[in-house]
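Good morning. Please have the sequence and the model open while I talk.

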Amino acid sequence: MSAAGPAFLFPGQGSQAVGMGRGLAARYAPGRETLAEADRVLGFALSELMFEGPLAELTRTENAQPALLAHAVAAARVLAGRGVTPRLAAGHSLGEFSALVVAGALSFSDALRLVRRRGELMARAGRARPGAMAAVLGLDEAAVTAVCAAASSDGEVVVAANLNAPGQVVLSGDAAAVARAAELARGRNAKRVVPLQVSGAFHSPLMEPAARELEEALAEVALENARLPVVANVTAEPVVEAGAIRRLLAAQLTSPVRWHASMLRMVELGCVDFIECGPGKVLAGLARRVPGVASAVAVGEPEEVEAMTGAEQVRATGEGA
């Protein structure tokens, strides 16, 4: 790992799974304490839902968001206890809240309440105006943007919502418009178009009612200047100042997640080593495709913690050279 230090990445919805966080809570005091705090703050046994499911209940937006936050923060705290801390951070959609907790801009308790509320608002917006999302593989951003423009009509809209990597863009919007865009994408020789199982058209104009109410909730929460830069989804630029963080979190719900651009920006800022904190390995996999990245690992289970921190300790002491 470079002397400059790693960037921490935090996953968003879709990475949740039954059993998440169980190993960290069983093996490490910071993991156990983090999940116990989440249970107390939310007033129900979130950890039990994470450990035991059922998956359908865990996947509900208002449950998945605090569960992902809790697992991600637990992983980061376990790593911190073993001497591994970030110099930069970024989170994919919901994961941006996890990044801000680790950066010291937002308390864990406030973040839990906010993402629980965020999930409720997003689910409500999805019921009020049902939408859809679909991943388009094999077309670049410009082609997908053109497809979205052609498919939006008659008050129905579809936009590029997640710009995850070259050739991997997620559509979001009214269901009929998403279906039209999917057909147009196939006509432009997209490799695949994969419908996503979601409760709403996230990161699209359909989330405007949720964004307004989230802005009100954010206004009531104390935010501090971050201790380390967090690269924001909306701008793909580092942010530290509390007021800017507040504005960007509200804007995020209706704006595209500029994930690939965020990764490129972190490399420009000197980060070549990346650690994904929390469940799954999606962001670590995307990071390995980014030019200039030297390493990308996922750390959400005890064996991953031990493998990563053990390797760091070997390098630090010179053993095994």
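Helices (H or I, at least four residues) and strands (E, at least two) are DSSP runs, numbered from the N terminus. This is a predicted model, where local features need pLDDT of at least 70 and side-chain atom pairs count only at pLDDT 80 or more, while totals for chains, interfaces and linings use all residues. Residues are numbered from 1 along each chain as its sequence is written, and side-chain values use heavy atoms, with hydrogens and water left out.

Pockets next. On a 1 Å grid over the protein atoms alone, a pocket is an open set of points where a 1.4 Å probe fits, with protein on both sides within 12 Å along at least five of seven lines; lining residues have an atom within 4 Å of a point. Grid points are joined across faces, edges and corners, and a volume is the space filled by probe spheres set on the points.

The largest pocket holds about 820 Å³ of space. Its lining has 35 residues, and Gly12, Gln13, Gly14, Leu196 and Val198 lie nearest the centre. At least two lining residues come from each of α4 (55-59), α5 (61-81), α7 (108-128), β3 (131-137), β4 (158-165), β5 (168-174) and α13 (282-287). The largest share, 4 residues, is from α7.

In the second largest pocket there is about 170 Å³ of space. Among the residues that line this second pocket are Asp140, Glu141, Arg258 and Trp259. Here β4 and α12 (259-268) each give at least two lining residues.

β4 also belongs to an open sheet of 4 strands, in the order β4-β5-β3-β6, with antiparallel pairing. Its edge strands, pairing on one side only, are β4 and β6 (192-195). Two strands pair if DSSP finds at least two bridges between them; β4 and β5 are joined by 6. Within that pair, Ala160 is opposite Leu171 in β5. In general, strands of a sheet pair through backbone hydrogen bonds.

Last, Pro238, which sits in strand β8 (residues 238-239). Beyond its neighbours within four places in sequence, Pro238 is in contact (heavy atoms within 4.5 Å) with Pro229, Val230, Val231, Arg265 and Leu269. Arg265 is 27 residues away along the chain, and the two C-alpha atoms are separated by 8.4 Å.
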